[in-house]
Amino acid sequence: MALWGGRFSQESSALFKLFNDSLPVDYRLIEEDIVGSIAWATAITSVGILTQQECEQLHAALNELLAEVADKPEAIIASGAEDIHSFVEQSLIAKVGDLGKKLHTGRSRNDQVATDLKLWCRKEGEQSLALLQKLRGALIDLAAREIDAVMPGYTHLQRAQPVLFGHWCLAYVEMFERDISRLEDALKRADTCPLGSGALAGTAYPMDRHAIAESLGFAAPTLNSLDTVSDRDHVIELCSDASISMMHLSRMAEDLIFFNSGEAGFIDLDDEVTSGSSLMPQKKNPDALELIRGKTGRVYGSLMGILTTMKALPLAYNKDMQEDKEGLFDVMDSWSICLEMAALVLSGLQVNRERTLAAAQQGYANSTELADYLVAKGMPFREAHHVVGEVVVVAIGKQTPLEELPLAELKQFSDVIEDDVYACLTIESCLEKREALGGTSILQVKQALAVKQGQ
Ligand code: ARG
């Protein structure tokens with residue numbers, strides 16, 4: 001039976017019920033709804049609605065219900081209740097009779113669902129934080145394992161300058177650290193308790209909302225009932241933080257897909273995280289990485305979905321807001337599994353050092369070094385850049401790397417070039433020079449890694 005039947009003389013149409021019911025989605029809030037209900041029973045006891053004994057009876061029945069159904073989503077859904085709040089109330093009444101009918105005194109599903117959802121966001125957000133930390137750890141381990149493998153760094157997907165593989169790993173550590181800090185920040189802002197805000201105007205019982213907030217582990221109660229029941233900023237922030245993090249994951253996935261391509265051949269992925277082709281026996285496809293890249297799209301989609309649902313909604317609660325959960329649940333599920341999968345991919349990844357080094361040596365990645373050499377000999381950088389451009393054109397024509405052009409030939413471009421130029425054109429020299437903070441010299445990367453390992 002619906003919670004609100006008194007005013008109605010006709011049953012809902014089957015289509016309306018199907019359309020309106022949210023239980024098939026919000027059953028996932030069972031634990032939060034029961035925990036919130038336990039807190040609410042205590043709150044209404046404090047204002048004399050329940051006796052202490054009744055309160056204890058409700059607490060016991062709610063805990064019993066949780067133990068019975070927490071891991072039985074099918075049973076919850078099969079109840080046919082309108083939503084998780086109706087399900088809990090209905091089940092409670094089935095257990096304790098009329099006493100169960102007192103629980104909703106002074107409460108609305110509007111402050112109830114807001115509370116449930118914030119509790120859920122907190123739980124899931126903390127899980128994502130742990131997974132982000134785990135992924136950060138996997139990147140740090142990989143950086144330590146492959147720190148000095150030399151590979152080409154790219155801009156415009158063209159070989160630009162050599163970098164250390166460890167430097168590449170630590171670039172993503174920076175990104176995931178920003179994701180961690182963004183999520184921690186969002187969770188701090190979501191740490192306020194909606195319960196006791198009623199339908200929109202506040203509850204009519206003079207209860208201590210600080211005590212309710214504390215009993216549910218929130219830092220403080222929310223401060224405006226109209227805002228409280230219509231606020232879904234925490235949902236949007238989680239979707240947004242997940243989207244940014246998925247953007248990072250998808251970029252890492254894309255880099256690795258490219259590194260794993262036959263053309264690059266920089267890395268080998270473990271059999272555990274790749275799949276074969278049903279037709280072409282030679283294939284080993286980077287499915288895990290492609291799915292991370294692919295799932296990023298649907299996470300963005302959910303962010304756009306909730307932003308658009310909330311756009312221009314008048315105060316306070318509107319049923320539109322029931323549409324907040326499906327996207328959020330999918331976002332948090334997708335983000336979590338991608339974080340876990342990325343860590344697994346990294347743990348089994350091998351760098352093919354001969355290939356990465358050979359690629360770093362080709363493609364004129366030491367051209368900047370030649371320009372810097374000319375600068376050291378007194379030539380203004382812009383002129384040096386032009387001269388080296390001319391050298392590169394000739395070298396490309398001859399299919400020769402810069403360091404293999406004879407001195408006499410190099411001198412034709414500038415007579416300041418001497419025999420010492422060759423020492424500048426080695427990969428080691430290119431790398432060593434990048435020793436200002438944040439650069440890819442081995443010393444810098446080792447120091448950066450040590451800092452990360454110590455944190
Ligand atoms: N299932 C609803 C939701 O998720 C619960 C709140 C219902 N409130 C109401 N006034 N109809 O939003």
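**Close-up views of a predicted model**

**View 1. Helix 8 spans residues 165-189.** This helix has 25 residues. From its first C-alpha to its last it reaches 37 Å, close to the 36 Å expected at 1.5 Å a residue. The model shown here, and in every view below, is predicted. Several residues of helix 8 are buried.

**View 2. Helix 8 packs alongside helix 11, residues 233-260.** Two packed helices are described by the angle between their axes and the distance between the axes. Here the axes come within 10 Å and cross at roughly 175°. An angle over 145 degrees counts as roughly antiparallel, so helix 8 and helix 11 are roughly antiparallel to each other. Helix 8 makes the contact with Y172, M175, F176, D179, R182, L183, A186 and R189. Helix 11 brings H234, E237, L238, D241, I244, S245, H248 and M252. Sorted by class, the contact has 8 nonpolar, 3 polar and 5 charged residues.

**View 3. The largest nonpolar core holds 101 residues.** Which members touch the most others? They are L135, L139, C169, L216, L238 and A342. Helix 7, residues 109-145, gives the largest share of this core, with 13 residues. Now look at L135. Leaving aside its neighbours within four places in sequence, L135 is in contact with F176, L339, A342 and A343. A second, separate core has 13 residues, among them Y373, A384, V391 and L405.

**View 4. T115 sits in helix 7.** Is T115 buried or exposed? A residue counts as buried with 20 or more other C-beta atoms within 10 Å. T115 has 30 such neighbours, so T115 counts as buried. Some of its contacts lie well away in sequence: not counting residues up to four places away, T115 touches G36, C193, P194 and L195. Take L195. It is 80 residues from T115 along the chain, yet their C-alpha atoms are separated by 5.9 Å.

**View 5. E56 lies in helix 4, residues 52-69.** E56 has 14 C-beta neighbours inside 10 Å, so this residue counts as partly exposed. How far apart are the C-alpha atoms of E56 and K446? They are separated by 59 Å, and the two residues are 390 apart along the chain.

View 6. Most residues other than glycine have a negative phi, and most peptide bonds are trans. A316 is in the loop between helix 12 (287-310) and helix 13 (324-347). Next comes Y364. Y364 is in the loop between helix 14 (353-361) and helix 15 (367-376). With 18 other C-beta atoms within 10 Å, Y364 is partly exposed. Q399 is in the loop between helix 16 (381-398) and helix 17 (407-411). With 7 other C-beta atoms within 10 Å, Q399 is exposed.

Conventions:
Residues numbered from 1 in each chain as written. Predicted model: local features only at pLDDT ≥ 70, side-chain atom pairs only at ≥ 80, totals over all residues. Helix = DSSP H or I, 4+ residues; strand = E, 2+ residues; numbered from the N terminus. Expected span 1.5 Å × (residues − 1). Buried ≥ 20, exposed ≤ 12 C-beta atoms within 10 Å, placed from the backbone. Core = buried A, V, L, I, M, F, W, Y, C linked by C-beta atoms within 7 Å. Contact = placed C-beta atoms within 7 Å. Axes fitted to C-alpha atoms, helices over the stretch in contact; angles between N-to-C directions. Parallel < 35°, antiparallel > 145°, perpendicular 65-115°, else oblique. Nonpolar A, V, L, I, M, F, W, Y, C, P; charged D, E, K, R; others polar.
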